[in-house]
Each structure stands twice: as C-alpha cells, then as structure tokens.
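Work through the exercises below with the structure at hand. Each task is followed by its solution.

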Amino acid sequence: MAQDSSTETSPLLRNGEVHDSDDEVDPHVVRKSNDKTNYTGRAIVLYLLTLIFIAALVVLLGFKEHLPDQILPWIGELPREPTRAALAVLDVAPVIVNLPILVRYLYANNVSAVDLNSRMPGHVDIPRLREGKVGGFFWSVYVSCPEIKDAENFTEPSWRVRDTLEQIDVARSLIDKYPDTFQSASTSEDVTTSIINGKIASLLGVEGGHQLGNSISVLRQYYSLGARYLTLTHTCHNAFADSSGPTAPLHNGLSPLGRRLIDEMNRLGMLVDLSHTSDETAIQALNYSRAPVIWSHSSARAIHDVQRNLPDDVLRLVGSGPGQKEAVVMVNFVPDFVAVPGNASVASVADHVEHIARITGKDHVGLGSDFDGMNGAPTGLEDVSKYPALIAELRKRGWNKFELAGLTGANILRVFQGAERVAKELQDNHTLPVYDLYDKRTDIPRNPFEL
Ligand SMILES: [Zn+2]
C-alpha cells in the first residue's frame with residue numbers, strides 16, 4: 001500500500017519541516033543524527049553551567065573576605081560587621097527574660113492597665129523585645145521569700161502559693177492579651193513552632209521552692225498551669241534545700257524531701273534550676289538529678305567574687321566530658337553580680353560568658369539576664385533591645401555563628417529536650433508520682449486509719 005507521506009510533518013523533525021517520501025533517507029538515520037546533535041548540545045550547556053557554578057563557588061569561598069556583608073548570609077556565613085552578625089544570629093534564636101514581678105509592683109497585677117506596645121517603665125516591652133530580636137523567654141512567676149523568722153521550721157502559713165498563682169495569672173493573661181506577639185509554649189517543640197511562626201515563645205518558670213508552700217503536690221499543679229522550671233531556692237532556705245542567701249546552712253544542701261522534689265521534677269519534665277542555691281545544694285542536685293539541669297541566671301565567681309555566682313569547682317562538673325553533667329549556665333546581668341559598682345558593662349558580661357565557656361565548653365552557656373528582675377543594668381545592656389550588643393561583643397572575640405546560636409537559645413533548648421526525654425522514659429516505666437509530705441507538717445494525719 002502506497003503511503004502518501006509527502007505532506008506529513010515528521011514528529012522527529014522540527015515543526016513545519018517537510019520530509020519528501022521520495023527522498024530515500026531512512027527516518028531512523030535522521031532520528032539518530034538529530035538525537036546526537038541534541039545530546040551534544042545539552043551536554044555542552046550542562047558542562048558550561050557546571051563550570052560557571054564551580055567558578056562561582058570558588059570565587060565565593062576563596063574570596064569571601066572580599067564579598068560585601070549583605071552577600072555573606074547567602075553562602076552560610078555571618079556578616080563581618082559584629083552588630084549585623086548579631087542580628088543575623090538572633091533572628092533565629094531565642095533568649096530568656098523576666099517580666100511579671102514588675103506588673104505586680106507597678107500595676108497591682110491589673111493586666112488591663114499594662115500596655116506592652118508602649119514604652120514600659122522597666123526593661124521589657126514589645127517594641128524593645130522586637131528590636132532585641134528576642135525569640136522566646138521564660139516569664140518568671142517569682143514572689144519574694146517570707147521573713148526569715150521561721151528559718152528552721154517552714155510550717156508557718158504564708159500567702160506565697162496564692163501570690164504565685166496570681167503571678168501565673170499575670171503571665172498567662174499578658175501572653176493571651178498579645179496573641180500576635182506571644183505564643184504560649186510548654187514543650188521544646190512549642191518553642192520552635194513559635195519562632196517559626198514569628199512569635200515570641202513564652203514559657204513560665206517558678207523562682208523559688210518557698211513558692212510551693214513546702215508541698216510537692218503544689219509543684220504538680222504549677223506544672224499543669226505551664227511552669228517548666230523551678231528554682232530550688234530563692235534567697236531563703238526552704239524545706240527542700242539551702243539557699244546561697246543565709247550564711248549558715250540548714251540541710252547542708254538538699255533535704256531528703258528536696259531529693260524527692262527532684263524525683264518528681266524529673267518525672268514531670270520540669271527543669272531543675274540551681275540559681276540562688278548554695279554550692280552544696282547545686283553540687284548535690286546536679287549529681288542527683290537524672291535530667292539535665294539549668295542555672296537560669298547565674299554568673300562566674302572567678303570573674304566577680306560574690307556568693308550568688310558559680311565557683312569554678314561547680315562549673316567543672318558541667319559539660320560533655322567524662323564525669324561532667326549536661327546542663328546550661330545562663331549568665332546573669334544583675335550589675336552587682338557582674339562587676340564592682342559602676343563597672344558592669346557589655347564587656348564584663350562577655351567576660352562571664354567566656355569564663356564559663358572556657359570551663360564548661362560553649363555548648364553549656366546561655367543568657368539569663370534577669371531583665372525586670374533587677375535594679376539598673378550593665379552599661380550597653382540597658383534593656384532587652386540591647387542583646388545584639390552582647391552578641392556583637394562575643395562575635396568580635398571570635399565566637400562563630402553556631403556557638404552564638406547555642407548561647408542565645410539552642411543550648412537551653414537542647415537541655416529542655418533532655419529533661420523531656422528523661423520524663424518520657426520515667427513515665428513510660430510507670431514511675432509513680434511523689435506523695436511525700438514535709439515531715440514537720442501536722443495538719444495532715446499520717447495514718448488516717450488510726451483515727
Ligand atoms: Zn533571681
């Protein structure tokens with residue numbers, strides 16, 4: 001059968017190119033010849049593109065010191081100018097600050113009267129948090145120690161549990177009042193999600209065992225309300241542990257009930273915070289806790305010799321080496337703990353950071369600050385907007401972007417994840433909750449069946 005293909009446009013030829021069927025050219029030969037041309041063409045283009053890519057990479061990596069600051073983040077490098085580098089790091093990493101106690105003292109806890117979008121009288125408000133690139137913080141729900149008239153027997157009633165509940169109410173109400181800015185976080189995953197959403201991750205922390213009314217069941221309730229760390233003591237001893245405040249120790253560290261408190265914190269996944277505790281309490285708790293611990297706001301005694309700071313022999317127990325424990329020491333900015341009066345500055349805070357890092361390793365240092373929990377502030381670190389100045393100072397001293405990201409958030413997040421893992425393990429093993437009572441309490445009969 002004759003095949004009229006005189007007007008057929010071969011799909012193997014370019015559009016519109018007509019092939020005469022009388023021409024004795026084998027179409028298969030045409031296909032092969034064209035394919036070869038196409039493949040060679042593509043190979044040349046690909047080859048050229050690869051060459052250009054390699055050349056660009058060589059230029060970028062080899063001559064990055066000549067590239068403008070704006071280009072460096074594109075090739076995974078921090079800008080050279082320290083402040084720009086600080087902002088690039090803080091863009092993705094959270095830091096930790098305080099606030100509710102100021103609302104208690106200055107606004108009688110009336111959250112409606114607080115306008116965090118305007119300039120607040122303390123160190124913290126939304127514009128300054130944004131300026132400081134703060135990605136997240138612990139809202140400390142602190143209330144002060146009772147008078148030390150009952151220093152050996154903590155059964156005298158106080159209002160500390162009520163007051164703590166009020167501070168939790170303030171923190172949660174403020175978080176709810178600004179949903180475009182804050183996002184409540186109770187897990188490490190929540191913190192990451194908040195930051196991805198462009199919100200400031202908001203966690204709660206209770207700053208003193210005295211706020212438990214000596215009751216471990218109160219700890220469980222604080223946990224259920226969102227608290228994720230408990231500082232074992234504030235400036236007073238309590239039924240659980242000795243503080244660095246009074247000169248004479250009471251328990252020589254942890255009491256037996258204090259150990260049971262740590263058991264319950266480990267089971268819940270609540271971080272054990274050792275700021276404010278005595279050295280003995282810190283060493284015992286660090287060794288006893290199954291979960292990683294934190295110092296939420298503590299500096300280095302070797303740099304400035306005050307009891308509230310950590311001595312080197314405690315710092316040496318923290319780290320990733322043999323005999324060392326996973327923990328993070330978050331540096332305190334309180335001027336009296338940083339340097340002699342009038343000398344606290346960005347540089348002296350950086351000295352504390354570097355001293356701690358030299359002993360523990362840079363993976364175990366964080367920023368505690370204590371903004372709104374202190375009178376005054378170091379020069380150059382006057383409020384939360386000034387965090388980049390500290391990062392810039394450390395950048396100048398040679399800290400790289402991973403070390404800075406660790407300092408400003410990744411280290412505390414890793415420790416938090418460690419505590420969550422221990423809690424899951426204990427709960428998976430059906431570890432029972434702790435129901436031990438403070439032995440000096442007489443208000444609850446120990447054996448009701450005998451009544
Ligand atoms: Zn404190």
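**Exercise 1.** Why does Asp279 count as partly exposed?

The model is predicted, so local features need pLDDT of at least 70, side-chain atom pairs count only at pLDDT 80 or more, and totals for chains, interfaces and linings use all residues. Numbering starts from 1 along each chain as its sequence is written.

Step 1. A residue is buried if 20 or more other C-beta atoms (placed from the backbone) lie within 10 Å of its own, exposed if 12 or fewer, and partly exposed in between.
Step 2. Asp279 has 18 C-beta neighbours inside 10 Å, and therefore counts as partly exposed.

**Exercise 2.** Describe how α12 and α13 pack.

Step 1. Helix α12 (residues 346–360) packs on helix α13 (residues 387–396) at about 60°, with the axes 9 Å apart. Axes are lines fitted to C-alpha atoms over the stretch in contact, and angles run from 0 to 180 degrees between N-to-C directions.
Step 2. From α12, Val346, Ala347, Val349, Ala350 and Val353 meet Ala389, Leu390, Glu393 and Leu394 of α13.
Step 3. Val353 also has Val331, Val365 and Leu407 among its contacts beyond four places in sequence.

Key
Helix = DSSP H or I, 4+ residues; strand = E, 2+ residues; numbered from the N terminus. Contact = placed C-beta atoms within 7 Å.
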